[in-house]
Amino acid sequence: MPSPRPPTSTRDPLSIGFVGAGFNARFHLQALVGVRDAVAGGIASPREEAARSAAELARELGVGEPSTFPDAETLAADPSIDAIWINAPNDARVSVMEGIVRGNARRARPLLGIACEKPLARTLPEALRMLELSRECGAPTGYLEDEVFMPGVTRGKEIVWRRAVPLVGRPYLARATEEHSGPHKPWFWRGRQQGGGVLNDMMCHAVETARFLLTAPGARRDSLRAKSVSAQIASLKWTRPEYVERLKREMGPEVDYAKEPSEDYASAVIHYEDREGRHLIAEVTTSWSYVGPGLRHTIELLGPEYSMRFNTLETGLSVFFSRRVAGAAGEDLVEKQNAEQGLMPVVPEEAAHYGYVAEDRHFVQAFRNGTPPLLGFADGVDVVRLLMACYLSAETGAAVDPSSPQVAEFEPAVSRGAWQP
């Protein structure tokens, strides 16, 4: 394998190649406006029109002049690309990574880093395969979990652990909730393709955020051990007949929740133990059946004499439109916006508010300077393990040890198209 490019802080900006040109990739392009030392160098997508559209957005934002590529292998082999961000749909993650490995092998100098959006894969075997491929490739990895980079989360954690914990003790309970009214694209709704429903789609955020808040700053991931998981899933809204038909109209006939539904609600309690044997709890909830002003993250951290709370919809900015101000449906005020009239919160800079700017800045600097990032593919594997334990608990009605051999090969009924609420 070619020797790595020596890290230096004086190189040209990191040229990022994006695999995927959809909603999430476009968030990262917006985030690059606030990131120094990085540009969008390439967009790979089997949909040529989507790749061209994303490349045009990058040019409009002034974050690069990216070329377009038909696939991940061609992108990874191009010497103008320094690192890759994987934003492809969940069912394509392994094949994309295989293409990156092949492309990287054709380079004179290897890639400086490979980052993958959450979740790392649909099942634990797939996640372990992603990790195996990354080691075969030899490039450093990053697990793109924007929620742990939210300014409200990082600042809140810093204050609690600096000011309160030394005086009265560590936190013992973290709560993380993410809710909205449903995904943008059909593939998210299809359990076989996405790997599940709202639990797989969004609980990856909540699980990792709660663990992050409970973990001491600078401590290793294994300083907390997940002992047991209890979870439940349900379809509260989208299997009602009128909403089954609405999904067919809006997402296409292949999204048929009368035949193959996915859960639109999930909750779990994860019991941790720290190295001193203290009992800690994470309570996590996710929903596609929440109808409110828009996407809502609610995060709390509680300890002996303190608490922290963060709600992404409490932005300090709102607008009011009377019933005479009518307009087309949109998301210009906040992601997953559900109304165009009344009193509505506004998120002025969503890419920064949701953590994308800080996240991308972190991984860009880690890859450029050759320093270990906060999260890598191994951490993504741990998250998938917890998600599979949640699904297993929901199906069996019993608490599950995430380290159990049952979890290792488990595939949720939702992802097999066999779940019925």
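Tutor: What follows covers the sheet, its helices and then the pocket.

This is a predicted model, in which local features need pLDDT of at least 70 and side-chain atom pairs count only at pLDDT 80 or more, while totals for chains, interfaces and linings use all residues. Residues are numbered from 1 along each chain as its sequence is written, and side-chain values use heavy atoms, with hydrogens and water left out.

Six strands make an open sheet, ordered 3-2-1-4-5-6, with parallel pairing. Strands (E, at least two residues) and helices (H or I, at least four) are DSSP runs, numbered from the N terminus. Pairing requires at least two DSSP bridges between two strands. Strand 3 (67–69) and strand 6 (141–144) are the edge strands, each pairing on one side only. From one strand to the next, the twist averages 25°.

Strand 5 (residues 113–117) pairs with strand 6 in the parallel sense, over four bridges. A115 has G142 of strand 6 as its bridge partner. Helix 12 (residues 356–369) packs on the sheet and touches strand 1 (14–19), strand 2 (38–44), strand 4 (83–86), strand 5 and strand 6. The direction of helix 12 makes about 175° with that of strand 6. Helix 13 also packs on the sheet, touching strand 5 and strand 6. Its direction makes about 40° with that of strand 6.

Next, a helix pair. The axes of helix 5 (residues 124–137) and helix 13 (residues 377–396) come within 9 Å and cross at roughly 175°. Axes are lines fitted to C-alpha atoms, for helices over the stretch in contact; angles run from 0 to 180 degrees between N-to-C directions. The two helices are therefore roughly antiparallel, a term for angles over 145 degrees. Helix 5 contributes L124, A127, L128, M130, L131 and S134 to the contact, and helix 13 contributes F377, A378, V381, V384, R385 and M388. Contact means heavy atoms within 4.5 Å. By class, ten of these residues are nonpolar, one is polar and one is charged. Nonpolar covers Ala, Val, Leu, Ile, Met, Phe, Trp, Tyr, Cys and Pro; charged covers Asp, Glu, Lys and Arg; the others, Gly among them, are polar.

Last, the lining of the largest pocket. Its residues divide into 21 nonpolar, 13 polar and 14 charged. Helix 4 supplies the largest share, five residues.

Terms used
Parallel < 35°, antiparallel > 145°, perpendicular 65-115°, else oblique.
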